[in-house]
Amino acid sequence: MVGSTHFSKTTIKRSVYLNRRDAFVTDTESYFNFFRMSPQLFDNLLSIVGPVIAKKDTNYRDSIQPKDRLALTLRIGRSTTSAIIKETCEAISSSLKPIVLAKPDQNKWLDIAEAYYETAPPKSGSRFHNYKGTFSIILLACVDANYKFVLVDIGAEGHNSDGGVFRNSIFGQSLEKGTLQLPCPLEIAGTTNMLPFLFIGDEAFPVKNNLMRPYPGIALSKDKAIFNYRLSRARRCVENAFGIMASRFRIFRKPLVSSLESSTFAVAAAVCLHNYIKSAEEGVPFCERRYCPLDYADNVSPDGCINDGKWRTEEALAINRLSRTGSNMYSRQAEDIRTLLNYFCHEGATAWQDAHIAKNGKN
């Protein structure tokens, strides 16, 4: 018997996903395939959310136990369990958020910046939303170098593809008001140039104080192409975080068939569960990690070449990039852009960036 969690026959009868109890109770690999976490993590999660989702027995029937409610939710059952899933997703997000998605302070931002400085991430990265003619909601997120969500804003309407998405988000408003507790500007390593701490977005986002995005257009100079490429290597962490979460929690492989409220709770729960499992695995050797082993995310070889993570081989996901949310105007932030561009092309230049531009061109 692996772990200490058992599941009642009542729950197994209620869900087609739980009809192989022997497989996921006695085999850790099957257990992970069912619940995306180890029995130990499941038990710990149950201890956190169990008191919140527990129900009282009635004179007519016994209540479904918290462990069964959690099991059903992690497997995402159908209409007969939709109320259970909605309640449990809400409990997961509200209970885990203070633990795995707490608002960062200056020390936390410094730790995140240091982790990015110590990594050499490959290219690409994006913010997502479904833009294929179906109803959708937007998940706007800031991600650290370890593919964990730092700040999230969930629930904006999918048809809002203009500047209002970012401007009306909690993150956008906090950045505009200067209430994110970002550290003071520091010298760039190896230079005497001062630069503020910056968030990196893709072409969907406007240039703001503390928010940098690539140069627009395709006929770019070599320096601008290098600048865009270096930003894309940092932004790739965002795409990996979304991709890993969406591939592990397979509800994102097709449109969510639920109300707006239930969908929002499901996304929030998935974000918190992603951080919860990723954090638990950080102290485990890569060879023993199941949720995000070494080759599951994008990785970089010593010569700077990019190797796609295995999550990219999964079937198509029901998410897509956010359309442009701001103008292409570079005004007050031009000095910061020039400082960073000069650093990428001189003191902070690398051999692999020139090789990439030579191989792929300036576009």
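1. The predicted model holds 10 salt bridges, a salt bridge being a side-chain nitrogen of Lys or Arg within 4 Å of a carboxyl oxygen of Asp or Glu. Side chains of opposite charge can pair when their charged atoms come close.

2. One of these salt bridges joins Lys86 to Glu261, with 2.6 Å between the closest N and O atoms. Lys86 belongs to helix 6 (residues 82-100) and Glu261 to helix 11 (residues 260-281), so the pair ties together parts 175 residues apart in sequence. Helices (H or I, at least four residues) and strands (E, at least two) are DSSP runs, numbered from the N terminus. Lys86 is partly exposed at 28% relative accessible area, and Glu261 is partly exposed at 43%. Here, buried means under 20% relative accessible area, exposed over 50%, and partly exposed in between (1.4 Å probe, protein chains only).

3. A further salt bridge is formed by Lys148 and Glu282, whose closest N and O atoms are 3.0 Å apart. Lys148 sits in the loop between strand 2 (137-143) and strand 3 (149-157), and Glu282 in the loop between helix 11 and strand 8 (299-300), so the pair ties together parts 134 residues apart in sequence. Lys148 is buried at 11% relative accessibility, whereas Glu282 is partly exposed at 37%.

4. Arg312 forms a salt bridge with Asp298, the closest N and O atoms lying 2.7 Å apart. Arg312 is in the loop between strand 9 (306-307) and helix 12 (334-345), and Asp298 is in the loop between helix 11 and strand 8. Arg312 is partly exposed at 28%, while Asp298 is buried at 4%. Salt bridges with shared partners join Glu239, Asp298, Asp308 and Arg312 into one network.

5. Most residues other than glycine have a negative phi. Arg36, in the loop between helix 3 (28-35) and helix 4 (39-53), has a positive phi of about 65° and is buried at 5% relative accessibility. Gln181, in the loop between helix 9 (170-177) and strand 4 (186-187), has a positive phi near 60° and is partly exposed at 40%.

6. For the chain as a whole, the secondary structure comprises 13 helices and nine strands. Buried residues account for 49% of the 363 residues.

7. Residues are numbered from 1 along each chain as its sequence is written, and side-chain values use heavy atoms, leaving out hydrogens and water. As this is a predicted model, local features need pLDDT of at least 70 and side-chain atom pairs count only at pLDDT 80 or more, whereas totals for chains, interfaces and linings use all residues.
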